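Hello,

Here is the structure you asked for, with the sequence alongside. My notes on the pockets, the cores and the sheet follow below.

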Amino acid sequence: MKLEDIFKPDNFFALSLDEARPELERCMYSYLGIFPLQVGERPQTDGKRIFLEGKKTEFQDDKDEMHNNRNMSLYLSDLIHELLHIREGSFLVDGRQYLETFKNPGLAHAVFNIVEDARIEHNARKYLRADDTELLQKSNEFLATKRNFPETTQDRFMEVYSSQMITKGRPSQFNQDHRVAEQETLDTKIEHPDLTSRGINNVSDLLRESVGLSERVYDDSVESTWEVVPQVYDMLTKAFPN
């Protein structure tokens, strides 16, 4: 570490995974049992291990009071979300080969991730402690304030669709700077006859239909998510052919 970096606030207030581990493992044990908890570039799980970032530096909070430390709260919300993937069976179906059957596997995978994230967090409301349910929601809203709004219409749709499914609100509700671009996106006309015949005449209509389809997975298993993916994917490829 360079001398000039030693006294940066992050070095005093950063919360490392090792420091957070005792509290994280208590939470994990209460919902899931003990799984390997390892450092990763971002929060994720492969169904056998849970990976979290090596440190959190979003807030300059006192580490002597972990119950009031917001970096600890971010760690906990990341952990809860990832353990829900395991508890709710996201890995019971290996969809990797199925995704390769789509012309645009990346788009199909993005739809799956959005719908599956919404499914597991919805289903978990039945057994998560009330404080943890609120923590997930508040963390999702906090992260929404930090997201940039994309440039292309399709990418903007995916951002609004994800926000609607995960936070239950649109990006502009959490960052007013996105308001104009968001509305322009929602007003964009759609001309594919298969969609217009179903009353899908603009991106706002597409959002309504996509969310309505996606919400069918609530209180259901991961198989229901895989059933929704091709239906949403089909609408998106017709709405955004380029």
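The lining of the largest pocket divides into 17 nonpolar, 17 polar and 15 charged residues. Please keep in mind that this is a predicted model. The pocket has a volume of about 1,700 Å³. Of the 49 lining residues, Arg42, Pro43, His81, Glu82 and Asp117 are the closest to the centre of the pocket. Two or more residues of the lining come from each of β3 (44–45), β5 (55–56), α3 (70–87), α4 (96–99), α5, α6 (130–145) and α7. The biggest contributor is α5, with eight residues.

The second largest pocket holds about 150 Å³ of space. Its lining is made up of Glu23, Met66, His67, Asn69, Met72, Ser73, Leu76 and Leu135. By class these are four nonpolar, three polar and one charged. Here the largest share, three residues, comes from α3, a helix that also gives two or more residues to the lining of the largest pocket.

Next, the cores. The largest nonpolar core has 38 residues, and those touching the most other members are Val111, Phe157, Met158, Tyr161, Leu206 and Leu236. At least two residues of this core are supplied by each of α5 (105–123), α7 (153–166), α8 (179–187), α10 (203–214) and α11 (222–239). Among these helices, α11 provides the largest share, nine residues. Leaving aside residues up to four places away in sequence, Leu206 touches Phe157, Ile190, Ile200, Met235, Leu236, Ala239 and Phe240. There is also a second, separate core of 23 residues, which includes Leu15, Ile50, Leu52 and Leu135.

Three strands form an open sheet in the order β2-β4-β3, and the pairing is mixed. β2 (37–39) and β3 are at the edges and have a single partner strand each, so one side of each has no neighbour in the sheet. β2 and β4 (residues 50–52) run parallel and are joined by three bridges. In this pair, Leu37 stands opposite Ile50 of β4, and Ile50 is one of the residues of the second core.

Regards

How values were computed. Residues are numbered from 1 along each chain as its sequence is written. This is a predicted model: local features need pLDDT of at least 70, side-chain atom pairs count only at pLDDT 80 or more; totals for chains, interfaces and linings use all residues. Side-chain values use heavy atoms; hydrogens and water are left out. A nonpolar core is a set of buried Ala, Val, Leu, Ile, Met, Phe, Trp, Tyr and Cys residues joined through side-chain atoms within 4.5 Å. Buried means under 20% relative accessible area, exposed over 50%, partly exposed in between (1.4 Å probe, protein chains only). Helices (H or I, at least four residues) and strands (E, at least two) are DSSP runs, numbered from the N terminus. Contact means heavy atoms within 4.5 Å. On a 1 Å grid over the protein atoms alone, a cavity is a set of points where a 1.4 Å probe fits but cannot get out, and a pocket is an open set with protein on both sides within 12 Å along at least five of seven lines; lining residues have an atom within 4 Å of a point. Grid points are joined across faces, edges and corners, and a volume is the space filled by probe spheres set on the points. Ala, Val, Leu, Ile, Met, Phe, Trp, Tyr, Cys and Pro count as nonpolar, Asp, Glu, Lys and Arg as charged, and the others, Gly among them, as polar. Two strands pair if DSSP finds at least two bridges between them.
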